[in-house]
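Welcome, and thanks for taking a look. Below is a short tour of the model, starting with how its chains relate and ending with a few local details.

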2 protein chains.
Amino acid sequence: MIFVNRVKFLAVLVLIFLLMPANGFGETGENLLNLMPMPEKIDIRAGKCLVTETFTGAIEAVPGADTLRASRAVRRMLNRLAGRCGLFFTNNEIPIKNQPMDTALWVSFHRNGEIKLHEDESYQLTVIPGRIELKAITDIGVIRGLETLLQLLMADDSGYFFPAVVIDDRPRFPWRGLLIDSCRHFMPVEVIKRTLDGMAAVKMNVLHWHLSEDQGFRVECKTFPKLHRLGSDGFYYTHEQVREVIAYAADRGIRVMPEFDIPGHSTSWLVGYPGLASLPGPYHIEREYGVKDPTFNPSIKATYKFFKKFFKEMAGLFPDDYFHIGGDENNGIQWDANVKIQAFKKKHHFPDNHALQAYFNREILDILSKYQKKMVGWDEILQPGFPGTIVIQSWRGKEALRDAAKKGYNSILSNGYYIDLVQPTDFHYLNDPIPADSDLTAGERERILGGEATMWTELISPETIDSRIWPRTAAIAERLWSPVYVKDVKDMYRRLDIISLQLEELGLTHLKNQEMMLRRLVNGRDTQALKVLVDVIEPLKIYQRHQCAAYTFFSPLTRVVDAALPDAKQARIFRQQVEDFVTGNVNQEAADVLIRDLRLWKSNHQKLKPVIVGAPVLKEIETLSEDLSRVAGIGLEAVEFILAGKKVSLQWLDESKKVLKAAREPRGHAELMIVTAVERLVDACL
Amino acid sequence: MIFVNRVKFLAVLVLIFLLMPANGFGETGENLLNLMPMPEKIDIRAGKCLVTETFTGAIEAVPGADTLRASRAVRRMLNRLAGRCGLFFTNNEIPIKNQPMDTALWVSFHRNGEIKLHEDESYQLTVIPGRIELKAITDIGVIRGLETLLQLLMADDSGYFFPAVVIDDRPRFPWRGLLIDSCRHFMPVEVIKRTLDGMAAVKMNVLHWHLSEDQGFRVECKTFPKLHRLGSDGFYYTHEQVREVIAYAADRGIRVMPEFDIPGHSTSWLVGYPGLASLPGPYHIEREYGVKDPTFNPSIKATYKFFKKFFKEMAGLFPDDYFHIGGDENNGIQWDANVKIQAFKKKHHFPDNHALQAYFNREILDILSKYQKKMVGWDEILQPGFPGTIVIQSWRGKEALRDAAKKGYNSILSNGYYIDLVQPTDFHYLNDPIPADSDLTAGERERILGGEATMWTELISPETIDSRIWPRTAAIAERLWSPVYVKDVKDMYRRLDIISLQLEELGLTHLKNQEMMLRRLVNGRDTQALKVLVDVIEPLKIYQRHQCAAYTFFSPLTRVVDAALPDAKQARIFRQQVEDFVTGNVNQEAADVLIRDLRLWKSNHQKLKPVIVGAPVLKEIETLSEDLSRVAGIGLEAVEFILAGKKVSLQWLDESKKVLKAAREPRGHAELMIVTAVERLVDACL
């Protein structure tokens, strides 16, 4: 019976493939699917595989392979599928056999993937009516393919279905990471877990876990318990929790690389162990942000004795081959102020603190090597004489990456992926570790391992972290997975909206927490007017927010600026529509779209005013709200002038420009994102 | 300086108290505050204590008292305060001294509270301009008072403030619990933690943790590891996680009482230890719900040997004085089918299975007593000869509670607090363990310890559990804390809306997950029309939903019925407005309110129809949506007739009644909650 079905299946498969055109896009070249990241190769076929209550999954196991991870992945996939479709699947067993089976979804792989750099993540996915085959070398490939499958799900009046496709997929870069800073603000285990789920959904494979900082030491240390007891305010991960996170990540084919940032950024370590500092203590957990002075003393044996024991424990806890030692932003002030360190420098003929730090790094490298760990660090660790096994993570830029590759070092790119700086998605998306026009040799290219988005958390709480990571990081994930030529910004944004909604099913709060925060802000009143404003503002970018107030560990991250989202969609769409309008699309229909938005904004301040009266926390954005209405008023006039082809008065122009200039001023640490567009409209009146 | 300020403070205090009227309500008797539960005594004074950036907190410690718990509570309170007000407090230290201090908030207590039944939870809270004093016997009282303080927060154009009040408060019942069933669906640690935060916010003090069931054994057991390894699908709490939860609860003055349900409800135990069952295995984790046959064998020594070791481990893990052994719903089928058990019964002259279970319970009681644990069980355990130390939890009713008290047993009420049955808030709210007209003696009253809301999770996932617990459980919390005479349903609902919003700041998802679920349901389309429908439907009540489909562990809990909330607010308000309208308030203004709603509903199906086309999961509520529009249409006609005083035709009446009758039919396991109101309108046309 199974055999007959198998033959039938093959016959149908051959027939379908013969009849269908083989390309992934519609006739006009538009992308018909909602995949992110886009697979390497994709052929859309005719037909579909319906999802009904009889849908089942099965795994074909090669003898000797452990099927537990694949089973759990299929189980999760079926749960999400049932969740989206609302279907009561009648058969919930996931049989495991060593031959193909006659189930709707049939998954097979050759061996268990290792949670290691360069592990095979490829997969082939074939959907025909009634049958889905997912084949991979490793079960990690299976996990990647299941996410693609879920993204393929569509619906029409006949029900839910997977469109017939043949996908052949593998990643462009082997290192596709996300850094989570659990130090500036502690992120509970559930935040890390749901982030891992989001990462898996977009095929990222490295969690770079930033675990020590001036503001906190976040891992239980059994060898030196004062580290977490005195350096964490009680907010740290126990060994068991760390293992839980690592297992959870491994279950999704994700490596967990710890970062212990030394010798600077280390105040919290020195609270319990002040004798290892470069100047006498006592030290207290740092509450402020920025580059601080406390630094380990590189000139005393005690320091290395300490790290030997410390890394021994941590090497046992974290199985990943790579250990990140930070190594960034040591300002050298403590070293300069310590006479003995200066004498040590002289004795060893170190010309400067960089050379001294290189000495420190070499000692740490020796320790890590002893525990079979490879060293990773920020640009600063790239100094002559280090072995090619180290990995440079570049916050400085693509040039540094290029240099490292040319010098024979492996490297990963983070410059351009600093998602804490609230820059727009397309900025990150178009930032390629190896641009299409790169002159690097094949060997040099191979040393550029990929990249990492960095979620630093000075201005981020567990409540807001998801909205700072997602959905923008999905675009970075695509940059690191998909072929270099996949870079249609418009289509990226189209797919991003869909992926963003899907990420919610993993428990991610990037959308739902905004609504909650708005409810808290309005203090029982209606949120609608505030939402209209928040939809067109963004938090200040880069490091500007720190210039507005002295943010500390205790500062509230619950204000309007925190509810505002990066890359505000409404504003972005409006800017594009204005651009289209002024560059040749001047017609009533296009104008009507603009007018609808502008009217909403113009009338909004009157609605928001009474809300502000009852919610003093909103006072700080009162004039921003006023400006939105004013700017929208100008925009409406401009659209009218343009449509009428009427010449505008210099006085109107002058006054408008003044209002627009004032409206550019940040308020409440946030800025209006439609001002430039209205300026475009005003300029178009000339 | 401190002394001078202290004198000044006292002088101001005396002056204010002399000048002000002493009552907690406005001149027209309305409740001016938004507290839940309402305190025992409350006097509202004139004036307010402003909250500004200089707001600070301090703790006065009696020598020898541990201030860590109080400090953490004040820290959390200040964080939430800063979060609501958006204020950057300039001084974030919380000084601890052994004398009163000149800070805005001054907290003092006499001793550390024990996490035990009958511990003192009273507190006195005094707010005057510039100063808040919170005094308690124990630090648990401090924790209760801090929640009251946060609920007092108000705002006007001058900023945020606490109104001047004098509150003297203590609970009516010492046992105010919530049962969480972590078995039917596993609830991750973060769900338990945020539930504990919600409980603390409304001053509940017992987490009754249901940890074993046919569907899962949820605690790591080191003595018998096959319990969690084979009985949990991998979903269990480790010892460390259990300790983490207990510590988290203790930090909020909440006891954690474990329940291991025996001898029935025990399939998952028997998967790993089939030899202890009353019939030969093998056993598999149960996927379906309801009363199942597998039951421990009470006639063999191995069973008690097993429980001796088992409870030894668990008694070490769970510090609470009370252990719940379930004891409910043993159907006796396995016992009847086992010849040896029948022989055992005969030999011991047990007339029936109840007597046999009493024997079993007595053995378990002996074991628990050995580990200094008191036994708690459902009604079924109340059998002659048990000592007065046991506690009866009544799912059967207040009569059972009364009987137990009269027989000298302690008891707690759960009948009427089954929040999984989706009944309206006021039903639970008015359910009093000791009704005002009770004839119990003072001694008998004391034996009624309080009550517990029960969150059984057959139809609940981590995604929906919060909306099934909150905000309704806050009303139950008030029933168990506040004086018996606090039972104004209208005012309860008014305050509940406010408290519900505040609960969101603890990470509870009862509001925000609905929006997320609607987004998933509409598959990328606008949620608005679906929201209008969902706002006036409720999931089927009591056990009706199980009659609509064979729910199992794998069934999706993501459909419209799961997004619908218990006690649908829009529908409830509409029903009340209709009631007011037809009972004497027939005027245009009252009619307009009804007409606005009815028009919205009438036009809604046209808007929802295209959404349903693209989202097959919505098909099941298509006719429900149609009926909403139809019913609203009839309502509009009826209002018109009533306003016009026009006589209606029998034909119209007949046809309307038919439509209304059909509209009462559940669809998608949910029901329309405005049909009875429209029936009222139609009846009023006569």
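Two notes on reading the values. This is a predicted model, in which local features need pLDDT of at least 70 and side-chain atom pairs count only at pLDDT 80 or more, while totals for chains, interfaces and linings use all residues. Residues are numbered from 1 along each chain as its sequence is written, chains are lettered from A and ligands numbered from 1 in the order in which they are written, and side-chain values use heavy atoms, with hydrogens and water left out.

## The interface

The size of an interface is often given as the accessible area lost when the parts come together. Here chain A and chain B bury about 3,800 Å² between them, with 56% of it on carbon and sulfur atoms; buried area is the accessible area (1.4 Å probe) that two parts lose on being put together, summed over both. Phe88(A), Arg519(A) and Phe554(A) lose the most area in chain A, together 17% of what that side buries. In terms of contacts, 47 residues of chain A meet 47 residues of chain B.

Across the interface there are 16 residue pairs in polar contact, both residues at pLDDT 80 or more. A polar contact is a pair of N or O atoms within 3.5 Å; within protein, one must be able to donate a hydrogen and the other to accept it, and residues adjacent in sequence count only if both atoms are side-chain atoms. On the side of chain A that touches chain B, the elements giving two or more residues include α2 (68–85), α6 (239–250) and α24 (604–614). The largest share, six residues, comes from α18(A). Helices (H or I, at least four residues) and strands (E, at least two) are DSSP runs, numbered from the N terminus.

## Salt bridges between and within chains

A salt bridge is a side-chain nitrogen of Lys or Arg within 4 Å of a carboxyl oxygen of Asp or Glu. The whole structure holds 99 of them over all chains, and the count between chain A and chain B is six. Lys619(B) sits in the loop between α24 and α25 (622–644) of chain B and Asp157(A) in the loop between β7 and β8 of chain A, so the pair joins two chains.

Within chain A, Glu121(A) and Arg176(A) form a salt bridge at 2.7 Å, N to O. They are 55 residues apart, Glu121(A) in the loop between β4 and β5 and Arg176(A) in strand β9 (residues 175–181). Both Glu121(A) and Arg176(A) are buried (buried means under 20% relative accessible area, exposed over 50%, partly exposed in between, with a 1.4 Å probe and protein chains only). In chain B, Lys193(B) and Glu244(B) form a salt bridge with their closest N and O atoms 2.7 Å apart.

## Backbone details

Most residues other than glycine have a negative phi, and most peptide bonds are trans. The bond joining Trp470(A) and Pro471(A) is cis, with omega about 0°, and Pro471(A) lies in the loop between α15 (465–469) and α16 (472–481) of chain A. The bond from Trp470(B) to Pro471(B) is cis too, with omega near 0°.

Asp567(B) has a phi near 50° and counts as buried at 6% relative accessibility; Asp567(B) is in the loop between α21 (560–563) and α22 (569–582) of chain B.

Key:
Contact means heavy atoms within 4.5 Å.
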